[in-house]
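Here are my notes after a look through this one. Have the coordinates open as you read.

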Amino acid sequence: MVIFYLASKNYSRFDTPMKLYSGLFFFAFLAEYSMMIASFNKISNWAIDNTFLMMEAVVLGRVFYLLNDSKLIRKVIVILITGYFIFWMSQYAFRLFDWPRGIDRSIRDSILFPLSLITTYTYCDKVKGDLLKDPWFWILSGFILNIAGIAFRNGTASWFEYKYSFFYYFLLVTNVITYFAFIIALKCFPKNSSSSGS
Amino acid sequence: MFSKEFQFFWFIGLMTIIFLSLIIFFIMILVKNGRVRQQAEIAVKDAIITTQEDEQNRIAEDIHDDIGPMLSAIKLQVANLSELEPNEITQSIDQIEDHLNMVINNVRGVARNLSSQLISKYGLEQSLIENINLVSALKKLKIDFKYDVKNIELNNDYQINIYRIIRELLTNSVKHSNCTLINIGIKNINDFLIIKYSDNGDKIGETNGGKSMGQTNIKNRINLLKGKVISFSEKFDKGAKYEFHFPILVII
């Protein structure tokens, strides 16, 4: 956590996305593992889970917005994220808690997964240097893997008669892979933004 | 509900499909990046070759336009020495000496322009100051130079390219513009090196149909440094105005 925070401080080329990403990473790390522990202890709360997922989606949407240059994609991101936010709010406003579990998560995943693919593709299209040495390639790949993993878990959790904890193990593995991608990204960061040269 | 085996089959199947799709997606991106990098490398090589050729042409032009006529004049003066009266010979020798000094200065100028050792030895700021002093002394111009680059250390290739850009702009102003005042500013803001250049000339647009000499050379160097052109005077009546932003974290 501290390392990522320091990386965000030293990395100013994509200042705002990096700060947002670090905040998200910090928040996600605490929130996801807190929820996992809460679930194991059978004290998990559906509303808190969904609130976290919504907040994560909004921050991710903002990161994707900043990394996309296309005005059309930016508008689509704003519309989709606002739509998802309104849907999330409506659950509380109109007391729609009886809705089948997973609908809002499916909406979230079906918005974020294509957005992460589009953002990664458009970003990588712009990179003229070695992609494997670009930190944002690894960060976006981590996002894709994480969103795909969460979407897969959310999508299959209601279909398969496995124990609920199994899906938390699945989430744990997904997160470990994601963090592995983020650690590679960290290694690709320039050491100090004030240094120069080739 | 479906049997456990059936569910397991679909679970593994779906996961495999998603995993394979993602692998194909990443391979596609990496292959495309490989092609883009190849094209970029070719473009940079082309830019280097074009820049070198422009440089050679410019040196040839300097020698042909400045040194050549002076040497011809000296040759004529030396040839006429035998026909002169004894009291005129001393005066003529003085003129020959003056012309020879000018040739020596010009040769030094060309050598200084050619040499990148000057930059590695004295740094960008000092090299530019020397060049500016030389130009302002020779052409009787007022050149206002501000250098405010702090807390960064530019590498040699980077400095050479910046030096050549400024020098090319100076050459354009001196040779093809009728300017009397030139303003040059170099500073760094965050991770960008900002160059601002302007003069009060009025002839480039008229004499060269909007395309001054060395502008291609400047653009090649800007591309090489992955710089951004904020303003670039292609055609103008009241002076030139250029502004370039260069990322300092650049791989040459």
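**Notes on the model**

1. Starting with chain B: its secondary structure amounts to six helices and five strands, with helices being DSSP runs of H or I of at least four residues and strands runs of E of at least two, numbered from the N terminus. Along the sequence the pattern reads α-α-α-β-α-β-β-α-α-β-β.

2. A word on ground rules. This is a predicted model, where local features need pLDDT of at least 70 and side-chain atom pairs count only at pLDDT 80 or more, while totals for chains, interfaces and linings use all residues. Residues are numbered from 1 along each chain as its sequence is written, and chains are lettered from A and ligands numbered from 1 in the order in which they are written.

3. The strands of chain B form an open sheet of five, ordered β1-β2-β3-β5-β4, with mixed pairing (two strands pair if DSSP finds at least two bridges between them). β1 (142–148) and β4 (228–232) of chain B sit at the edges with a single partner strand each, so one side of each has no neighbour in the sheet.

4. B:Lys146 is found opposite B:Gly185 in β2(B).

5. In chain B, 21% of the 252 residues are buried, that is, have 20 or more other C-beta atoms within 10 Å of their own, C-beta atoms being placed from the backbone. Of the chain B contacts (C-beta atoms, placed from the backbone, within 7 Å) between residues at least 6 apart in sequence, 70% join residues at least 24 apart.

6. What does A:Leu140 contact, leaving aside neighbours within four places in sequence? The partners are A:Ser116, A:Thr119, A:Thr120 and A:Tyr123.

7. Last, α3(A): the buried residues of this helix include A:Glu56, A:Ala57 and A:Gly61.

Conventions:
Contact = placed C-beta atoms within 7 Å. Buried ≥ 20, exposed ≤ 12 C-beta atoms within 10 Å, placed from the backbone.
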